[in-house]
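Trainee: I would like to learn how to read strand pairing and aromatic contacts in a model such as this one. Could we go through them step by step?

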Amino acid sequence: DDDDEDEGERREKQKEEKIVLESSIRLMMIKMMMMMKTMTTMMKGDDDRSQSSSRIEKSSVCKIRYRTSSKTPAIVSRFLSSRHGSGVLLSTEKYAAANEIDAFNREDFFVLTAAHVASMAGTRRDGLECVFPSDFKKEKAVSVQAEIFSVHERLDLALLRVVSSPSSVSSVSSLLSSRGLELPQKRNEKMKETQRVRAFGYPMAYANPFFSLVGDSEQSNGEIIGYSEDCTHIAHTSTVSSGCSGGPLLDDDGYVLGVHSFGDKFYGGEADVAACCFEMDLIDMLNKPAQSPSDWDTSTINEKIMKSSLKAMREIFPDIPEKEAKKWIL
């Protein structure tokens with residue numbers, strides 16, 4: 001009897017492994033076809049996008065890391081600063097003005113990122129900093145203090161507010177006022193399979209040792225291969241590595257479709273999934289500021305992400321077993 005049970009378990013495991021392997025092969029083939037199409041398009045040139053737009057896109061993407069204090073031991077500071085995510089500066093003024101949001105003023109700048117990136121702040125609301133590329137390549141990147149402003153009630157999304165001291169308001173404003181990207185108005189407005197997309201972010205050094213941590217964000221081109229029924233998640237073929245979590249996924253018009261949430265491989269694999277953000281999501285987050293550290297606590301956020309992302313995975317990749325889907329998510 002025990003032998004029969006063992007044989008049954010082995011067959012079940014082999015069946016599951018076969019399904020995962022077949023899914024991986026399909027994803028790899030899709031990505032290869034998408035890459036060939038993308039390379040062909042790139043060879044023809046990106047005539048539909050101006051250099052100015054490209055510069056604004058790259059300068060709006062930032063690296064997000066834990067902000068250590070002067071009292072933090074040097075060795076601890078180096079470790080905490082080595083972990084980072086990514087984010088994107090949003091053009092929020094029109095949304096706030098149209099909806100009479102009390103928490104907004106003209107000196108405010110907001111960065112959209114993933115909720116699991118925001119959780120790096122720990123118990124400190126102002127425990128993060130955003131590092132933006134300089135306007136001049138020879139100058140160093142510019143760091144600005146940021147605080148957690150809001151966390152989405154269901155999705156892997158968070159909003160950070162750039163914090164300026166009275167003495168730095170003008171310098172921060174001059175740095176960021178010409179930057180910032182917009183979101184689509186409607187949930188299904190920009191959702192089309194095979195549509196070209198571009199993922200931006202700052203990979204960890206060990207995820208891409210040839211990448212300069214001081215330079216511009218890294219860009220990876222791909223296409224949409226699926227999305228959830230309620231358009232909360234997009235699956236795409238752009239390669240996204242560790243450190244790029246929270247980085248934006250842009251369409252050809254430069255709209256932010258969402259931010260990187262999870263994928264099939266830690267170092268960037270065949271498929272990645274972005275948590276979508278639209279105008280209404282932004283307005284909701286601007287209207288509902290986070291109240292306490294429990295709102296961005298890691299365990300709270302992980303539970304939230306697993307619930308919404310697992311639902312999306314069932315809809316986008318129905319052939320992938322739940323056990324494997326969970327490995328993608330966390």
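Predicted model: local features only at pLDDT ≥ 70, side-chain atom pairs only at ≥ 80, totals over all residues.

Trainee: In which sense do strand β7 and strand β8 pair, and over how many bridges?

Mentor: In a regular strand the side chains alternate between the two faces of the sheet. Here strand β7 (residues 196-201) runs antiparallel to strand β8 (residues 218-227), and the two are joined over 6 bridges. Strand β8 also pairs with strand β9 (residues 233-236), again in the antiparallel sense, over 3 bridges, and Tyr 227 has Ile 234 in β9 as its bridge partner. The hairpin of β8 and β9 has 5 residues between the strands, and there Cys 231 takes a positive phi near 60 degrees.

Trainee: How many aromatic pairs does a search of the whole structure find?

Mentor: The search finds 2 aromatic pairs. One of them is formed by Phe 110 and Phe 149, whose planes stand at 75 degrees with 5.1 Å centre to centre; with planes over 60 degrees apart counting as edge-to-face, this pair is edge-to-face. Phe 110 lies in strand β3 and Phe 149 in strand β5, 39 residues apart, and the pair thus links distant parts of the chain.

Trainee: Are Phe 110 and Phe 149 buried or exposed?

Mentor: Phe 110 counts as buried because its relative accessibility is 0%, and Phe 149, with a relative accessible area of 4%, is buried as well.

Technical notes: Residues numbered from 1 in each chain as written. Heavy atoms only, no water. Phe/Tyr/Trp six-rings, centres within 6.5 Å; stacked < 30°, edge-to-face > 60°. Helix = DSSP H or I, 4+ residues; strand = E, 2+ residues; numbered from the N terminus. Buried < 20%, exposed > 50% of the residue type's maximum accessible area, 1.4 Å probe, protein only. Pairing = 2+ DSSP bridges.
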